[in-house]
Amino acid sequence: MRVAMIGTGYVGLVSGACFADFGHTVVCVDKDERKIQSLRNNIMPIYEPGLDDLVARNVKASRLSFTTDLTPAVAEADAVFIAVGTPSRRGDGHADLSYVFAAAREIARASQGFTVVVTKSTVPVGTGDEVEIVIGEAAPDADIAVVSNPEFLREGAAIEDFKRPDRVVVGTDNDRARKVMAELYRPLFLNASPILFTDRRTSELIKYAANAFLATKITFINELADLCENVGANVQEVARGIGLDKRIGAKFLHAGPGYGGSCFPKDTLALMRTAQEAGSPLRLVETVVGVNDARKTAMARKIATSLDGDVRGRTIALLGLTFKPNTDDMREAPAISIVHALLDKGARIRAYDPEGMEEAKKYLPDSIVYTGSPYECAEGADALVIVTEWEAFRALDLVRIKELLNKPVIVDLRNIYRPAEMATLGFSYESVGRPLKT
Ligand code: NAD
């Protein structure tokens, strides 16, 4: 099959490269000339483990190419994927669909012969109908079927997730389009990944329902962590105790500084708005959004408390800035709120992240001092805060860290160390939802 992938970001690039690896011929299109130029030089515009090899292999096999010119890529394609961003619209929290509609218009004008247009971007229920209208207006004679195929990959494990997904969801009631989609994903049928065919609206809603459910799970355990702190229980053991129940499941039960990233915050907000407008508000999701927002600033208070409530003039070292490990994505990272809240309280910030510092500079104030290692970061700081649980932070030389720190204070927002061991090492140690003696 010939595929055009419109939007070569985290989703488009990974999906495009994986489809090429399945044996399809894929052209990845992006408006961003610098991105395309760097991809042509085999320099990845994002950090995603394994991506450079996957891209290089498929470029070499002539199955994957990159262009800024949408027209020929679409003209030759059997399937055109829209994988552009759908950020929160400023002010009201709705998904901003302007990039999706702009891409749809260009695709409509460029398509030749029967073409399946697949919305891979996360879009509110009913968007497929609107895309169909936009296409009809731009090119009334175009022979196009609009399909929903939301993406569930996780940054940091994106290739594995794409190639071995828990499921693929496809929303269409067009038989020709269904055949094209089945052919595109055929290698996954062989791997026994379930492919769920459904109608377009249901497919669109499945994506939001999944993200809202996961955000709820995280927020549930975060609130329980607060309760654990107040009653002397251990949230990690609570999570294990409930997670072993197959009806609940162990994943997404790690207490921490609140969810962030490019998906959960915007998708929960957009679902909330959709539901309000449809006259069936999702009160649970509304609460989750509110609780999670409050949590990020509560983490700055927690850090301040570890320094007797006053961080003015103190230096705080942050380990990890990205919203999770193994990505350079800084969108809605908890570190952003934490940094702003600490700066507002008069603190000075040093920071280290293995892959995210270039991105972080776009999101954080200039006053941050970026460092070259966890140890350089700790040097002279009054407290060390673990914000993101990169593997590299799990086995720090704590004796050295203690020597480097001005005060032996560690705030571990990801619970990667043991309170009892930290106490033995002489640290004043705070974590999330665990008593000091565990
Ligand atoms: P991104 O911002 O990394 O990439 C989007 C790309 O689209 C950019 O490179 C931009 O230049 C390009 N673009 C925009 N308009 C274009 C046009 N008309 N023609 C060509 N290129 C255009 O975004 P992302 O993180 O890959 O997310 C894309 C979509 O996938 C979003 O709807 C998101 O919600 C969804 N999604 C993301 C993830 C994730 O983990 N990032 C996971 C699942 C779903």
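This is a predicted model: local features need pLDDT of at least 70, side-chain atom pairs count only at pLDDT 80 or more; totals for chains, interfaces and linings use all residues.
I will start with the overall layout, where the domain assignment divides the chain into domain 1, residues 2-198, and domain 2, residues 211-430. The C-alpha centres of domain 1 and domain 2 are 32 Å apart, and where the two meet, 16 residues of domain 1 are in contact with 15 residues of domain 2. If we take the side of domain 1 that touches domain 2 and sort its residues by class, we find eight nonpolar, five polar and three charged.

Next, the ligand. Which residues come nearest to the ligand? There are 26 residues around the ligand, and the nearest of them are G7, G9, V11, S121 and T122. By class, the shell around the ligand is made up of 11 nonpolar, nine polar and six charged residues.

Since α5 has just come up, let us stay with that helix for a moment. Helix α5 has 13 residues, and the distance from its first C-alpha to its last is 19 Å, which is close to the 18 Å expected at 1.5 Å a residue. The buried residues in α5 are V100, A103, A104, I107, A108 and A110. These residues cover an arc of only 165° around the axis, and therefore they sit on the same side of α5. As background, an α-helix has 3.6 residues a turn, so residues three or four places apart point the same way. The buried residues of α5 are covered by elements that include β1 (2-6), α4 (70-75), β4 (79-82), β5, α6 and β6.

Which residues of α6 are buried? They are T127, G128, V131, V134 and I135. Looking down the axis of α6, we see these buried residues fall within an arc of 115°, so they line one face of the helix. On the other side of α6, by contrast, I133 and E137 are exposed. Among the elements that cover the buried residues of α6 are α5, β5 (115-119), β6 (144-148) and α10 (200-231).

In general, most residues other than glycine have a negative phi. N42, however, is not a glycine and yet has a positive phi of about 60°. N42 is in the loop between α2 (33-40) and α3 (51-60), and it counts as exposed because 12 other C-beta atoms lie within 10 Å. F252 is another residue other than glycine with a positive phi, here near 60°, and its place is the loop between α11 (235-243) and α12 (264-277). Is F252 buried, partly exposed or exposed? With 17 other C-beta atoms within 10 Å, F252 is partly exposed.

D353 lies in the loop between β10 (348-352) and α15 (357-363), and it counts as buried because it has 28 C-beta neighbours inside 10 Å. Leaving aside residues up to four places away in sequence, D353 touches G320, L321, T322, A360 and T388. D353 and V387 are 34 residues apart along the chain, while their C-alpha atoms are separated by 9.7 Å.

The other is L405, in the loop between α17 (398-404) and β13 (409-412). L405 has 20 other C-beta atoms within 10 Å and is therefore buried. Again not counting residues up to four places away in sequence, L405 touches A378, A381 and L384. As for K345, it is 60 residues from L405 along the chain, and the C-alpha atoms of the two are separated by 21 Å.

Conventions:
Residues are numbered from 1 along each chain as its sequence is written. Domain bounds come from an automatic or database domain assignment. Two residues are in contact if their C-beta atoms, placed from the backbone, lie within 7 Å. Ala, Val, Leu, Ile, Met, Phe, Trp, Tyr, Cys and Pro count as nonpolar, Asp, Glu, Lys and Arg as charged, and the others, Gly among them, as polar. A residue is near a molecule or strand if its C-beta atom, placed from the backbone, lies within 6 Å of it. Helices (H or I, at least four residues) and strands (E, at least two) are DSSP runs, numbered from the N terminus. The arc is that of the directions from the helix axis to the C-beta atoms. The expected span of a helix is 1.5 Å times one less than its number of residues.
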